[in-house]
Amino acid sequence: MDERVERLWQKAEDAIDRNDTDQAEEYRVLAGHIAWHRRKEARELNRTLAYANKDD
């Protein structure tokens, strides 16, 4: 898992410990967005590499 996502999840857990559920939800949503973008980047990279290897 991406280090940024791990940090946000930890901040969300800390916010839950403080009973700040709104802040925890914001951290979880942000972590989800970052994770989604990382998966999207990985898919695009895999696609690019597959096309590059196809020509070989």
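How much of the accessible surface of the chain belongs to carbon and sulfur atoms? Of about 4700 Å², 49% belongs to them (Shrake-Rupley method, 1.4 Å probe; for residues, only the protein chains shown count as cover).

The model is predicted: local features need pLDDT of at least 70 and side-chain atom pairs pLDDT 80 or more, while totals for chains, interfaces and linings use all residues. Residues are numbered from 1 along each chain as its sequence is written, and side-chain values use heavy atoms, leaving out hydrogens and water.

**View 1. Overall fold of the chain.** The chain has two helices and zero strands (DSSP runs numbered from the N terminus: helices H or I, at least four residues; strands E, at least two). Its radius of gyration is 16 Å, well over the 10 Å that the globule rule gives for 56 residues, so the chain is more spread out than a compact globule (C-alpha atoms; the rule is 2.2 Å times the number of residues to the power 0.38). Along the principal axes, the C-alpha atoms fill a box of roughly 55 × 15 × 10 Å. Of the 56 residues, 16% count as buried (under 20% relative accessible area; exposed is over 50%, partly exposed in between; 1.4 Å probe, protein chains only).

**View 2. The loop at Asn19.** Asn19 lies in the loop between helix 1 (3-17) and helix 2. Its phi is near 65°, a positive value in a residue other than glycine. Asn19 is exposed, at 67% relative accessibility.

**View 3. Salt bridge Glu3–Arg7 in helix 1.** Glu3 and Arg7 pair at 3.8 Å, N to O (a salt bridge is a side-chain nitrogen of Lys or Arg within 4 Å of a carboxyl oxygen of Asp or Glu). The two are four residues apart, about one helical turn. Glu3 is exposed at 57%, and Arg7 is partly exposed at 47%.

**View 4. Network of Asp2, Arg4, Arg38 and Glu41.** Asp2 and Arg4 form a salt bridge, with the closest N and O atoms 3.2 Å apart. Asp2 is buried at 19% relative accessible area, whereas Arg4 is partly exposed at 39%. Arg38 and Glu41 form another salt bridge, at 3.2 Å from N to O. Both lie in helix 2, three residues apart. Salt bridges that share partners join Asp2, Arg4, Arg38 and Glu41 into one network.

**View 5. Positive patch around Arg43.** Arg39, Lys40, Arg43 and Arg47 form a positive surface patch (residues with over 30% relative accessible area and no salt bridge; like charges joined within 9 Å, nonpolar side chains Val, Leu, Ile, Met, Phe, Trp and Tyr within 5 Å; Lys and Arg count as positive, Asp and Glu as negative, His and the chain ends are not counted; charges placed at NZ of Lys, CZ of Arg, CG of Asp or CD of Glu). Arg43 is in helix 2 (residues 21-54) and is partly exposed at 40%.
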